[in-house]
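Please look through the sequence and the model shown here before reading on. The report that follows takes up single residues of one chain, and then turns to the other chain as a whole.

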Amino acid sequence: MKRSQIAALAVAHLSDRRRSVLAWGLPLGLMSAFIVAIFPSVQGPIEKAVNDYPEGLKEAFGIGRLTDVEQYLNAEMLSLIVPLALGYLAVRAIASGLSGAAESGRLDVLLSAPVSRRALVAAGFLATAVELAAVLLLTLALTALGSVLAGAGLAISPALAGFANVWPLALVFAGLGVVVCGFSLRTTVVTGATAGVLVSMYVVDLIGRLDSGLSEVRYLSVFRYYGNAIEDGIEPLAFCGVVLFAVALTALGAWLFERRDISA
Amino acid sequence: MAARGAAVIETEGLTKLFDEVHGIADVTMRVEAGEVFGFLGPNGAGKTTTIRTLLDQLHPTAGSARIFGLDSRRDSVAIRARVGNLPGDFGFGPAATGREVVELLARLRGVGGLGRAELLAERFRADLDRPLGQLSRGNRQKVGLITATFHEPELLILDEPTSGLDPLMQEEFLDLVEEERQRGCAVFVSSHELDEVERVCDRVGIVRDGRLIAIERVADLLSRARRRIEVELADPTALAAALAELPGVSDVSVAGQRVSLTVGGEVAPVLKLLASHRVLDIEATHPSLEQVFLTYYREQG
């Protein structure tokens, strides 16, 4: 695999998906900015309401104390919406580079050049990683802006940790998307199957958290290693482990992709 | 560039089955440097499957393909460095412009400048700056031809290359193929446009239901083909029966003074017999490759 080829393919992939950074980052960022902006005015009633929540529910959705804006941001955005949205975006991004490319004829043109399929997969994964980081950064930037405008006092460092922690989680679903591309190059199949796994893993993790007797099932879900980075900081071992898992899935997907026919 | 006459494509029993019926079976052929090889067959005959198998986009079920002496599967990347390919339905998504596609392919191929691509764009009047989604099929095809040829490949694989091109551009394309041949490039062109195949190809392979049923030199194919001869004779009655007895002669009919007949193979015996009679007029119709192709299909069917 030539690095220059991977870089060229990744840049082309990113250029093709440049609008998606705005299409996903803007709504997520605006929503997140709105959440932090309203916190000062809703803090009292929310604290009271949360105190009345069942303990299991609070634990399931990572709702501890909602005494500061970071915890509120975690409960409203980072425990559900952002990880699921970014996971789905990762699937869409990887599918556009492989199954989508097969359907549009782009793959035929690229594979007319002296490019290995592994290089194509590596470039798609790299571009997806950059796209996810860009969306997360845009979301964080708009969130911080909302906080400044509303005087919510969001601390940037924990917020950065919270958003950054979504990145490896989403990458896992990019890797899983590559694996599915090893079996099918139909975009509906790739996005449908991988998004199904994404939601299933979330539900499995939720069940494990709600019922201590079923806590072992959480090991079936990558959400088990997601944690609460905005409050506890990034757990380096979990962060790196999940990234490595995503890379391993991508490598497996590349191996399968090399062995399949290119036809949607 | 491979030496003229050296094998560029060699397949041996190449088979790709999608199920029990569809695909290609037992395709054995050889294409040489400096040769234009036409791959003929109707839609669904297996032309595109053969091309995609040669390019390692499909993996063969059985048999092998060697290009430049390299294994089409194991050495696929090295092979593609020396090949230019125009897919059957050229596309790259609607947003990319032709220039972006060419620039990306140039980077992937390690080609420094886009000088030849610019010249080809001028020659084919291709608009490289509009998104492909805004181009007609013919104009997209021009961009595809540029991406296939701008890096001066040693082997050109073209799947239905003139599809959508207007007649002027088809002429320009045929000139380009001739220039590539002169350069020593081997050209493997799949088509069902028999006129252009007849004009530009040295040899053709005829594919039917996934099987290569014939490989012939175009000139041989045409010379051996059945000709329609019409002769106007002073006294046709006696001659008609004698003509019908000659080897290779069929469909003899008489209408007034005109005798019509079909001749397969050599025409010398017919001419010898006619020479002993008073011939008022004679007209021989040379069959087009299209007629030959249809005859092949009927006979093999």
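## A buried threonine in chain A

Thr143(A) has a relative accessibility of 0% and therefore counts as buried, a word used for residues under 20% relative accessible area, while exposed stands for over 50% and partly exposed for what lies in between, with a 1.4 Å probe and protein chains only. The residue has its place in helix α8 of chain A, which covers residues 117–150; helices are DSSP runs of H or I with at least four residues, strands are runs of E with at least two, and both are numbered from the N terminus.

This is a predicted model, in which local features need pLDDT of at least 70 and side-chain atom pairs count only at pLDDT 80 or more, whereas totals for chains, interfaces and linings use all residues. Residues are numbered from 1 along each chain as its sequence is written, chains are lettered from A and ligands numbered from 1 in the order in which they are written, and side-chain values use heavy atoms, with hydrogens and water left out.

Which residues does Thr143(A) touch, not counting those up to four places away in sequence? They are Gly29(A), Ser32(A), Ala33(A), Val36(A), Leu73(A), Leu154(A) and Phe163(A), where contact means heavy atoms within 4.5 Å. Thr143(A) and Ala37(A) are 106 residues apart in sequence, and their C-alpha atoms are 8.4 Å apart in space.

## Other helix residues of chain A

Val243(A) belongs to helix α13 of chain A, residues 236–258, and counts as buried because its relative accessibility is 18%. Leaving aside neighbours within four places in sequence, Val243(A) is in contact with Trp167(A) and Pro168(A). From Val243(A) to Ile38(A) the separation is 205 residues in sequence and 34 Å in space, C-alpha to C-alpha.

Ala75(A) is part of helix α4 of chain A, residues 69–78, and with a relative accessibility of 15% it counts as buried. Between the C-alpha atoms of Ala75(A) and Leu126(A), which are 51 residues apart along the chain, there are 30 Å. Ile207(A), in helix α11 of chain A (residues 187–210), is partly exposed, with a relative accessible area of 38%. The C-alpha atoms of Ile207(A) and Glu70(A) are separated by 25 Å, the two residues being 137 apart along the chain.

## Chain B as a whole

Chain B has eleven helices and 14 strands, and its C-alpha atoms fill a box of roughly 75 × 40 × 35 Å along the principal axes. Chain B is divided into domain 1, residues 7–218, and domain 2, residues 225–300, with bounds that come from an automatic or database domain assignment. The centres of these two domains of chain B, taken over C-alpha atoms, are 40 Å apart.

Of the 301 residues of chain B, 51% count as buried. The accessible surface of chain B is about 13300 Å², with 48% of that belonging to carbon and sulfur atoms; such areas come from the Shrake-Rupley method with a 1.4 Å probe, and for residues only the protein chains shown count as cover. Among contacts in chain B between residues at least 6 apart in sequence, 70% join residues at least 24 apart.

## Cysteines

How many disulfides does the structure hold over all chains? There are zero, a disulfide being a pair of cysteine sulfur atoms within 2.5 Å. Cys201(B) is in no disulfide, and the nearest cysteine sulfur, that of Cys185(B), is 13 Å away. Cys201(B) counts as buried, at 7% relative accessibility, whereas Cys240(A), at 43%, counts as partly exposed.

## Two aspartates with positive phi

In Asp209(B), a residue other than glycine, phi has a positive value near 50°. Asp209(B) is found in the loop of chain B between β9 (203–208) and β10 (211–217), and it counts as exposed because its relative accessibility is 62%.

Phi of Asp251(B), again in a residue other than glycine, is positive and near 50°. Asp251(B) has its place in strand β12 of chain B, residues 249–255, and at 52% relative accessibility it counts as exposed.
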